[in-house]
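Colleague: I would like to learn how to read helices, their packing and a chain contact in a model. Please take me through one case.

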Amino acid sequence: MQLLFYVFALVTIVGALGMVLSHNIVHSAFYLVLSFIGLALIYFSLSAPFLGAVQLMVYSGAVAILVIMAIMMVRRTDMTVSNPTQSLIKRFVGAGTAALFFVLMGLSIVLTPLGGGDAALPATEAADLAGLLLSRFALPFELIALLLLAAMLGALLLARGGDES
Amino acid sequence: METSFLSGLALWLRGEIYGVTGIPVLSDLALDVIGIALLLGIISMAAIVFTYAERKVCAFMQVRLGPNRVGGRFGLLQPVADMLKLMSKEDIMPEGADKVLWALSPALLFVPAALVYAFFPFDAGAVLADVNVGVFLLFAISGQAVLPFLMGGYASNNKYSMVGGFRVVSQMISYEAPLLFSLLGILMLTGSMRLEDIVEAQAGGLWFVFLQPLAFVIFLISAVAETNRTPFDLVEGESEIIAGPFTEYSGMRWALFFLAEYANLLTAAILATTFFLGGYLGPDFLPGFAWFFLKAVLMVFLIMWFRWTFPRTRVDQILSFGWKAMLPLSILNVFLTGVVMCALGLV
């Protein structure tokens with residue numbers, strides 16, 4: 001299982017690197033999908049099939065299509081140089097931000113006491129998750145539903161176009 | 001666990017391999033490999049049989065003859081001739097194509113189409129990947145089949161391919177929602193997302209097609225739309241966009257698209273069988289897997305029947321039908337199921 005984790009982690013990292021380094025922005029988007037799928041595979045190897053399925057359905061299913069459709073609809077010229085190399089300063093700023101994020105994530109992972117203790121194992125079964133969502137986390141769940149509804153109405157409004165009069 | 005012919009066979013085979021090698025892990029692995037080989041065999045067999053059956057069914061529906069030269073007066077060897085023709089065709093890559101994406105698209109399309117077969121309960125206990133969240137995982141994986149179309153459409157550097165790719169995406173996304181929502185009623189009734197539990201819940205002839213007739217109709221229409229077949233085949237509507245995303249593919253690359261399409265057709269039939277027609281359940285005079293394939297083939301015939309008797313719909317009709325009729329109806333079905341379950345005190 002340890003070996004599998006490294007293979008899947010490699011897939012994820014190759015996807016992420018490919019997304020950043022690729023010159024064609026459509027290739028970048030497909031590398032992003034590879035990274036999403038790698039993450040789903042890691043969930044599967046951690047025996048969290050529900051989370052893996054959600055990752056596949058939401059990210060590499062819906063988000064990826066949204067990204068790629070948006071790119072293809074907006075950009076009409078040649079794609080081969082659509083993701084050009086940035087100037088040196090921008091690259092340093094980007095690298096700095098990434099490094100800062102890495103340090104923050106690393107710190108929070110190292111400083112968080114993990115596993116063991118008297119806490120019950122987190123729910124991974126779909127039924128347990130559903131129970132938690134509709135009881136203990138009912139309010140955040142409803143708030144997210146409201147947010148999504150607002151987004152949907154906004155999209156409908158945009159798609160209908162402005163009032164002519 | 002209930003035993004059946006297939007699971008008994010698997011158990012016996014595992015014992016035999018264990019007897020020869022003496023390593024438990026190896027016998028498990030060998031059995032998995034055999035299972036995967038069997039599934040790939042089923043898929044290729046389906047493609048061979050369906051190419052022939054489609055022509056014969058189509059000929060029957062439209063009062064024509066169909067294949068009647070190659071291999072006797074019933075044209076039984078027509079699929080072989082088709083295969084030879086496909087293999088001898090030149091492999092042409094369009095100029096200005098995005099080479100890597102173009103080559104990847106047909107292969108990637110086949111992966112999710114074949115992967116979902118691991119979840120099907122062909123018989124009691126005869127499932128390759130027995131997952132508790134089976135239904136959800138199955139649709140998460142089959143949903144991955146959308147991107148390769150778009151990939152092929154973009155990489156072909158052809159406006160017809162591109163339009164076809166966009167059409168696939170809008171159509172498949174529109175019908176995935178009602179497809180999943182139509183199954184929610186069944187999940188509410190069984191309380192499990194494991195496919196074998198869903199089949200077992202239909203024991204005693206109480207198939208879900210009788211309990212959830214509205215869901216069955218919605219499921220069938222959405223499943224046909226997901227497989228991009230007539231009356232929803234405007235993805236490759238030849239009178240408008242040549243062949244959609246497949247336009248620039250020839251020979252064996254095109255054959256892969258074709259294989260994935262027939263794999264998806266059988267998947268739709270198998271899903272309808274499993275969710276609504278009691279899967280492998282049936283009277284004892286036939287083994288479970290025989291019932292399973294009998295029902296699945298019947299569903300395939302029904303879907304072929306649709307193909308050759310309905311005209312092609314327009315893209316705006318398809319999308320508005322999906323969002324304005326199918327989705328609300330499927331949500332209504334969930335609501336009605338809940339009300340009835342409450343009234344009967346099942347909750």
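Colleague: What should the 22 residues of helix H13 (residues 288-309) of chain B span at 1.5 Å a residue?

Modeller: The expected span is 1.5 Å times one less than the number of residues. For H13(B) that should be 32 Å, and the end C-alpha atoms are 32 Å apart, which agrees. Helices here are DSSP runs of H or I with at least four residues, strands are E runs of at least two, and both are numbered from the N terminus. This is a predicted model, in which local features need pLDDT of at least 70, side-chain atom pairs count only at pLDDT 80 or more, and totals for chains, interfaces and linings use all residues. Residues are numbered from 1 along each chain as its sequence is written, while chains are lettered from A and ligands numbered from 1 in the order in which they are written.

Colleague: Which residues of H13(B) are buried, and what covers them?

Modeller: A residue is buried if 20 or more other C-beta atoms, placed from the backbone, lie within 10 Å of its own. In H13(B) this holds for Gly288(B), Trp291(B), Phe292(B), Lys295(B), Ala296(B), Met299(B), Val300(B) and Met304(B). Their cover includes helix H1 (5-21), helix H2 (24-61) and helix H12 (251-276) of chain B.

Colleague: How is the packing of two helices described?

Modeller: By the angle between the axes and the distance between them. Axes are lines fitted to C-alpha atoms over the stretch in contact, and angles run from 0 to 180 degrees between N-to-C directions. In chain A, helix H2 (residues 25-45) and helix H3 (residues 49-74) pack at about 175°, with axes 8 Å apart. H2(A) is therefore roughly antiparallel to H3(A), a label for angles over 145 degrees. Residues in this contact include Phe36(A) and Leu39(A) of H2(A) and Leu56(A) and Tyr59(A) of H3(A); contact means C-beta atoms, placed from the backbone, within 7 Å.

Colleague: How many helices and strands does chain A have?

Modeller: Chain A has 6 helices and 0 strands, and buried residues make up 19% of its 165 residues.

Colleague: How many residues does each chain bring to the contact between chains A and B?

Modeller: Chain B brings 18 residues and chain A 17. On the side of chain B, helix H5 (134-142), helix H6 (146-155) and helix H7 (159-190) each supply at least two residues. H6(B) gives the most, with 5 residues.

How values were computed:
Contact = placed C-beta atoms within 7 Å. Buried ≥ 20, exposed ≤ 12 C-beta atoms within 10 Å, placed from the backbone. Parallel < 35°, antiparallel > 145°, perpendicular 65-115°, else oblique.
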